Amino acid sequence: MSTNESDMNDAENSSLEAREAQALEKYGRLYRQAGQLTAKAQNTIAAIVSLAYPSQMTQAKGVCTNLMVRISNELRVVRLLCDSGYPLQAYSPAAALYEAAWTVACIGDDETEADKWWTHSDEKKSYDQVRDLTDRGLRKLGFAGEKHQARFERDYFGKYRDLCMGKHINPIFQRFQSVKISPESVNFVFGPDLSAQGERQGLWVMTTGVSLVYPALWTFLCFHVPKTLHQIGHELYQALEQEHLLIDSEFRNKYEP
């Protein structure tokens, strides 16, 4: 590599690092409440899972605990990416969070399902189709039937579909990201998204990520926490839900006229 090429690469890296530092400063301030909400969700997951131990160990409980840890970590990654100015890249871990959460809801305390998950050996197929997981999980949680279909589409699978548009680079979604094309010019910026659109996407994916935790959290509480500790678990769950509703309402008032 020549000196000029090295200098050019150093300049590009410096510019990228400067933009990322700018993103952390900007979004650390703008996303403070949303970031605190994701941290509260992670702490709530840890607290409710801890309520289940020590007690009788089962295959279903072990599998669900495995997935609850994954859910918590995916939510953390969502926050780190958004804080760094990469909201679009946060769609993938949020989609994985959805899949893990509805797998927990689908398994519950069913030892047969847990064994099916644990012994799964097909590298080309997942444990189940995501829509089927969601349908089965809803039934297990008591939300089956036509009257719940609209809520199912809006609050659950509809959000997953939106996340997958970003995850799978659907042109309908991607053509409005990263590059601005007009008859006169093409404008593009590598690195963090500091635009108003990026700001909105980051807040949406963080608050959405928290909303996707609930099916797994409720399932774990109902099926794996001893009944003598249910009240403590319910209070933790409700505290998270109330804070989430407040922040989600502020988001809608700001971005959805």
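A salt bridge here is a side-chain nitrogen of Lys or Arg within 4 Å of a carboxyl oxygen of Asp or Glu. Lys167 belongs to helix α7 and Glu99 to helix α4, so the pair ties together parts that are 68 residues apart in sequence. Helices (H or I, at least four residues) and strands (E, at least two) are DSSP runs, numbered from the N terminus. Lys167 is partly exposed at 30% relative accessibility. Glu99 is also partly exposed, at 24%. Buried means under 20% relative accessible area, exposed over 50%, and partly exposed in between (1.4 Å probe, protein chains only).

Residues are numbered from 1 along each chain as its sequence is written, and side-chain values use heavy atoms, with hydrogens and water left out. As the model is predicted, local features need pLDDT of at least 70 and side-chain atom pairs count only at pLDDT 80 or more, while totals for chains, interfaces and linings use all residues.

## Other salt bridges

The whole structure has 6 salt bridges. One of them joins Lys40 and Glu243 at 3.8 Å, N to O. Lys40 sits in helix α2 and Glu243 in helix α11 (residues 230–255), so this pair ties together parts that are 203 residues apart in sequence. Lys40 is partly exposed, with 28% relative accessible area. Glu243 is partly exposed too, at 25%.

Glu74 and Arg70 form a salt bridge at 2.5 Å, N to O. They are 4 residues apart in helix α3, about one helical turn. Glu74 is buried at 11% relative accessibility, whereas Arg70 is partly exposed at 45%.

## Nonpolar core

The largest nonpolar core has 65 residues. Such a core is a set of buried Ala, Val, Leu, Ile, Met, Phe, Trp, Tyr and Cys residues joined through side-chain atoms within 4.5 Å. Helix α4 (residues 91–107) gives the largest share of this core, 12 residues. Met68, Ile71 and Val205 have the most contacts inside the core.

Contact means heavy atoms within 4.5 Å. Leaving aside neighbours within four places in sequence, Val205 touches Val78, Cys82, Pro87, Ala90, Tyr91, Ala94 and Leu163.

## Helix α6

Helix α6 covers residues 130–140. Its buried residues include Val130, Leu133, Thr134, Arg136, Gly137 and Leu138. Just after α6, Gly142 has a positive phi of about 90°.

## Loop geometry

The peptide bond from Tyr53 to Pro54 is cis, with omega near -5°. Pro54 lies in the loop between α2 (32–51) and α3 (59–83).

Ile169 is not a glycine, yet its phi is positive, about 55°. Ile169 lies in the loop between α7 (149–167) and α8 (171–174). At 54% relative accessibility, Ile169 is exposed.

## Nonpolar surface patch

Ile181, Val186, Phe188 and Phe190 make a nonpolar surface patch of about 500 Å². Patches are made of residues with over 30% relative accessible area and no salt bridge; like charges are joined within 9 Å, nonpolar side chains (Val, Leu, Ile, Met, Phe, Trp, Tyr) within 5 Å. Accessible areas come from the Shrake-Rupley method with a 1.4 Å probe; for residues, only the protein chains shown count as cover. Ile181 lies in strand β1 (residues 179–181) and is exposed, at 69% relative accessibility.
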